[in-house]
Amino acid sequence: MKEKLVLVGNGMAGVRTLEELLKIAPDKYDITVFGAEPHCNYNRIMLSPVLAGEKTIDDIVLNSQAWYDENNITLHTGKTVVDIDRKAQKVIAADGTTARYDRLLLATGSNPFIIPVPGHDKEGVIGFRDIYDVDTMLDAAKNYKKAVVIGGGLLGLEAANGLVINGMDVTVVHLGDTLMEMQMDSFSGEMLKASLEERGLKFRMNSSTTELTGGQRVTGLTFADGGELEADLVVMAAGIRPNIELAQKVGIHCERGIVVNDTLQTFDPKVYSVGECVQHRGIAYGLVAPLFEQARVCANHLAGYGIGMYEGSTTSTKLKVTGIDLFSAGDFHGDESTEEVVMKDAARGIYKKVVLKDNKIIGAVMYGDTVDGAWYFQMLRDETNISDIREHLMFGQAHLGDSGHGGENAASALPDDAEVCGCNGVCKGTIVKAITEKGLFTLEEVKAHTKAAASCGSCTGLVEQILASTVGDYSDTPKKKPMCGCTEHSHDEVREAIREQELTSIPAVMTALEWHTPDGCASCRPALNYYVLSAWPQQAKDDPQSRFINERAHANIQKDGTYSVIPRMWGGVTTPNELRAIADVADKFNIPSVKVTGGQRVDLLGVKKEDLPAVWADLNAAGMVSGHGYGKSLRTVKTCVGSEWCRFGTQDSTSLGIKIEKMTWASWTPHKYKIAVSGCPRNCAEATIKDFGVVCVDSGYELHVGGNGGIHVVATQLLCRVSTEEEVMEYCGAFMQVYREEAHYLERTAPWIERVGLSYAKQRVVEDDAGRKALHARFLVSQEVFQVDPWAEAVEQDHIRKDYIPIKKLG
Amino acid sequence: MSNWIEVGKIEEIPKQGARVVETAEGDIGIFRTGEDEIFALRDRCPHKSGPLSQGIVHGKRVTCPLHNWNIELESGEVVAPDEGCAASFPVKIEAGVVFLSLP
């Protein structure tokens with residue numbers, strides 16, 4: 001017989017936990033849900049747009065009755081649970097309905113704080129919490145004129161804005177002198193006040209309400225300073241309090257909220273709790289973002305897997321008043337130990353403040369232009385050292401080089417037919433439709449369902465904004481990012497374990513780190529294969545089945561299932577004999593297309609898989625080897641003709657490029673790796689958009705790193721200057737090795753350097769002479785193992801060659 | 001009525017990998033999991049016809065090499081949230097030899 005799970009509280013946190021639970025253990029429980037409201041689960045944070053008339057109740061329903069039916073969930077709406085018999089494991093509702101439980105989930109949410117002034121119980125005095133409150137406000141707007149909102153916080157301002165839109169004369173009464181002081185500093189608070197005043201809101205700041213006056217219905221307010229204000233409707237938005245009434249009554253330990261541990265378990269081990277009613281490590285969250293993480297962890301424990309801990313959330317805020325862009329996160333007030341970087345442009349209505357401590361972002365406030373909010377928030381959570389990008393910090397991520405969606409920063413203003421994801425052709429309307437119809441909340445879900453931001457990722461910021469403007473204040477909040485769904489461990493933790501525990505095979509890693517899946521997935525297996533090879537080049541054995549097809553077939557798969565073959569041409573230099581061999585191969589195997597690549601090589605496109613070994617054999621015979629145009633490895637070393645021919649050339653860039661390529665070819669790296677050598681600062685080899693670029697100058701060589709010519713065009717940064725070719729070789733090997741040893745799989749050098757800082761690369765490769773030599777030596781050791789031509793191997797070894805041909809041909 | 005065709009020895013298919021059987025109606029991928037189970041699917045991803053036999057095999061699934069769709073080897077069904085199905089064919093192993101049945 002199935003165990004019984006009862007959920008008290010049919011809101012976002014509780015139902016989200018059920019959804020997560022059904023994903024991983026669909027048949028474990030008979031589930032019963034009690035909700036005090038007469039509705040299915042809806043998106044409470046979108047009540048403000050409903051009040052403003054921008055959305056309807058139907059738009060914000062998250063789980064319809066059909067969802068409960070499909071999942072065999074018994075739903076009791078309109079029934080408030082008033083008691084729990086913990087001994088008999090039974091909940092009792094006000095109408096006498098009871099339900100037995102093996103596990104109980106309390107998600108009772110929070111209540112608006114009603115200030116206990118005389119008259120607070122009069123008719124026309126409400127909070128702003130649920131659909132009933134919205135209906136009450138909409139009714140009032142039809143029949144009355146004057147409204148007062150007590151509380152100039154997020155919720156109060158959204159309520160006031162909605163009431164103004166519905167034609168009421170609204171005054172916001174605020175205790176302090178800054179609106180939204182939990183989210184704004186005084187400057188941005190003033191900007192916000194000014195724009196809300198333009199929309200017709202009135203404010204009475206520094207005002208403490210002492211009494212609500214009137215008869216049965218409220219007619220006005222009096223203040224501590226003696227002033228008075230008329231009001232037909234008073235909305236109390238002075239904060240929320242965790243709703244712990246039920247838990248407290250039945251003796252479950254509560255302080256400000258229901259106290260839970262890192263597995264969301266209360267002091268009664270059969271009872272779990274999530275959402276705004278919870279107090280975790282002393283904090284009760286009043287925003288929706290932490291719920292997702294709580295729900296995921298809680299569901300995992302309810303399912304009996306016992307994996308995952310909730311370690312708290314850092315939250316960020318966005319105000320849902322259409323046309324006002326505002327973002328804040330972390331500690332944006334700062335103190336004597338912090339510093340501020342501020343940008344003000346009052347004419348454009350833009351204000352940004354970033355608070356730094358020890359070169360790390362600890363808080364940010366933005367007004368008017370919030371496109372970089374997600375970026376700052378990411379760096380805040382990752383504790384990124386920003387000293388290297390400090391001079392660009394206020395200009396945003398686009399300023400660091402972004403060719404994708406640079407200027408686009410207002411998702412809400414985009415028309416539905418605007419293409420957001422250029423890779424997969426996904427329009428804004430499609431994304432919004434998927435979010436609302438399928439109830440998506442996280443970026444990962446939107447990527448999975450719509451494919452937007454799922455390829456190159458350059459539109460991620462825009463998709464996040466669309467998500468935020470559609471479902472409201474959202475942010476995925478895990479403190480660390482697991483490698484993939486197969487594990488809880490981050491890339492760094494996995495790499496560290498491989499080094500420290502001497503793990504030399506994928507199964508060894510999966511056992512040691514308790515992988516959830518028997519043999520991983522298409523995302524973690526290639527990463528693990530790379531990690532063990534790079535950490536233990538002499539001990540680990542390559543696992544071809546954990547490589548993407550291109551690296552398994554040593555050629556690039558094309559859209560029709562054929563392959564492209566690129567022979568290596570050292571430094572981009574070729575000979576008539578090599579060109580003849582390429583031409584002969586193209587003729588002999590009817591290769592339909594021959595093209596010169598961006599990296600100065602010749603690409604043979606449209607080769608059938610079973611022809612690959614024969615094509616390679618012919619190219620090998622002419623002295624050519626694999627060009628690795630398919631690999632997460634050194635691609636090419638691009639060169640210009642240099643001092644040998646060019647009248648401007650300062651050094652022999654061509655032969656230096658060839659030397660570098662002979663040293664670095666066939667090395668595996670976290671992502672593709674491109675090198676170029678230019679013979680003078682005119683830089684014809686485009687060395688300053690490569691992972692490692694050498695620009696020859698009269699006095700020697702400038703070494704540049706971290707460039708990228710792809711999705712985000714990023715120019716290199718100068719690592720250092722050296723004076724001999726030998727030094728170039730050593731620095732080149734050392735830089736490549738530190739990247740190989742420390743970057744995450746599929747992380748190019750540009751984002752890696754953005755993450756760790758150029759100073760770190762300098763410290764490892766330039767300042768530490770012994771360290772550099774050791775890195776370079778490790779690179780060469782690894783090359784002794786890996787520098788083999790995979791084409792020749794396949795040609796010479798029958799068992800490899802066989803895999804290229806069909807096992808059987810029928811008909 | 002089943003018409004079993006001998007494909008080859010199980011060792012000829014790499015563990016966590018696949019080989020192709022060429023037929024007049026197009027290729028069929030013969031997959032071998034880490035647990036040595038054998039499955040046969042039409043070698044065309046329902047998305048954009050990618051050759052599934054070239055994908056990474058994990059658990060009882062294969063990931064298409066073109067756009068990373070995941071396909072259940074047992075049923076040919078695409079793993080949600082993507083939708084679609086690749087035709088699957090009966091296979092059996094007798095004394096280490098793999099047989100395929102075509103309709």
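Just after α11(A), Gly439(A) adopts a positive phi of about 65 degrees, helices being DSSP runs of H or I with at least four residues and strands runs of E with at least two, numbered from the N terminus. The model is predicted, so that local features need pLDDT of at least 70 and side-chain atom pairs count only at pLDDT 80 or more, while totals for chains, interfaces and linings use all residues. Side-chain values use heavy atoms, without hydrogens and water, residues are numbered from 1 along each chain as its sequence is written, and chains are lettered from A and ligands numbered from 1 in the order in which they are written.

**Helix α11(A)**
- Helix α11 (residues 428–438) of chain A has as its buried residues Lys428(A), Gly429(A), Ile431(A), Ala434(A) and Ile435(A), where buried means under 20% relative accessible area with a 1.4 Å probe and protein chains only.
- Among the elements covering these buried residues of α11(A) are β26 (419–421), β27 (426–427), α12 (443–450) and α13 (460–471) of chain A.
- Beyond its neighbours within four places in sequence, Ile431(A) is in contact (heavy atoms within 4.5 Å) with Val420(A), Val426(A), Val446(A), Thr450(A), Ala452(A), Val463(A) and Ile466(A).

**Nonpolar cores**
- Ile431(A) also belongs to the largest nonpolar core, of 74 residues, in which Val91(A), Leu104(A), Leu106(A), Ile431(A) and Val463(A) touch the most other members; such a core is a set of buried Ala, Val, Leu, Ile, Met, Phe, Trp, Tyr and Cys residues joined through side-chain atoms within 4.5 Å.
- Apart from it lies another core, of 44 residues, including Leu157(A), Leu196(A), Tyr351(A) and Val365(A).

Note on methods
Buried < 20%, exposed > 50% of the residue type's maximum accessible area, 1.4 Å probe, protein only.
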